[in-house]
Amino acid sequence: MPKNDARAVSYYRLACKGGYATGCNNLGVMHETGRGHRRRDMRAAVKHYRHACKLGETAACVNAGAILVQGRGKVTAAPKEAARLFAHACEKRRAEACFNLASLTKKGLGVARDEAKARRLKQRACELGLPRACRELSR
């Protein structure tokens with residue numbers, strides 16, 4: 001069966017409007033990558049990621065945060081919001097979110113700089129199964 005990205009976008013939009021977090025996250029991915037659309041739209045991607053995050057999709061919190069850390073496309077950098085999104089997803093046991101929050105905490109980007117806390121967050125990411133975090137802790 002051939003892929004039909006435009007059709008997928010319409011289904012993801014319906015799912016998102018129906019309150020399905022994964023549909024909102026997938027719609028964000030389609031906007032971020034430009035699949036099913038004429039162009040990439042980072043603002044729309046972040047909008048859908050934020051909504052999916054509020055609905056409980058922790059991958060969407062990480063996706064939105066990744067764009068907001070430094071800004072991309074027409075999205076202005078918002079490292080404080082990125083840190084908040086990563087913290088929310090980390091509390092929900094999302095390893096990548098803990099790792100990303102550790103990086104921000106170590107640099108003092110969007111949050112107070114705190115190397116001890118950054119190490120604890122990286123340790124949590126390792127415990128949650130992120131090999132990259134475990135490798136960095138072993139250095």
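**Disulfides, core and a loop**

Cysteine 90 and cysteine 98 are both buried, and in this predicted model they are joined by a disulfide with an S to S distance of 2.1 Å, whose 100° about the S-S bond makes the link right-handed.

A search of the whole structure finds 4 disulfides, and when the bonded cysteines of the protein are numbered in sequence order, the pairing reads 1-2, 3-4, 5-6, 7-8. One of these disulfides links cysteine 16 and cysteine 24, with the sulfur atoms 2.1 Å apart; the torsion about its S-S bond is about 100°, so this disulfide is right-handed. Cysteine 16 counts as buried because its relative accessibility is 8%, and cysteine 24 is buried with a relative accessible area of 0%. Another disulfide joins cysteine 126 to cysteine 134, and it is right-handed because the torsion about the S-S bond is about 105°, while cysteine 134, at 27% relative accessibility, counts as partly exposed.

Turning to the core, the largest nonpolar core holds 35 residues, of which Ile67 and Phe86 touch the most other members. Helices 3, 4, 5, 6, 7 and 8 each supply at least two residues of this core. Beyond its neighbours within four places in sequence, phenylalanine 86 is in contact with residues including Cys61, Val62, Val69, Leu101 and Leu104.

The loop between helix 5 (79–91) and helix 6 (95–107) holds arginine 93, which has a positive phi of about 75° although it is not a glycine. Arginine 93 counts as exposed because its relative accessibility is 57%, over the 50% cut-off.

Definitions and conventions: Residues numbered from 1 in each chain as written. Predicted model: local features only at pLDDT ≥ 70, side-chain atom pairs only at ≥ 80, totals over all residues. Heavy atoms only, no water. Helix = DSSP H or I, 4+ residues; strand = E, 2+ residues; numbered from the N terminus. Buried < 20%, exposed > 50% of the residue type's maximum accessible area, 1.4 Å probe, protein only. Core = buried A, V, L, I, M, F, W, Y, C linked by side-chain atoms within 4.5 Å. Contact = heavy atoms within 4.5 Å. Disulfide = S-S within 2.5 Å.
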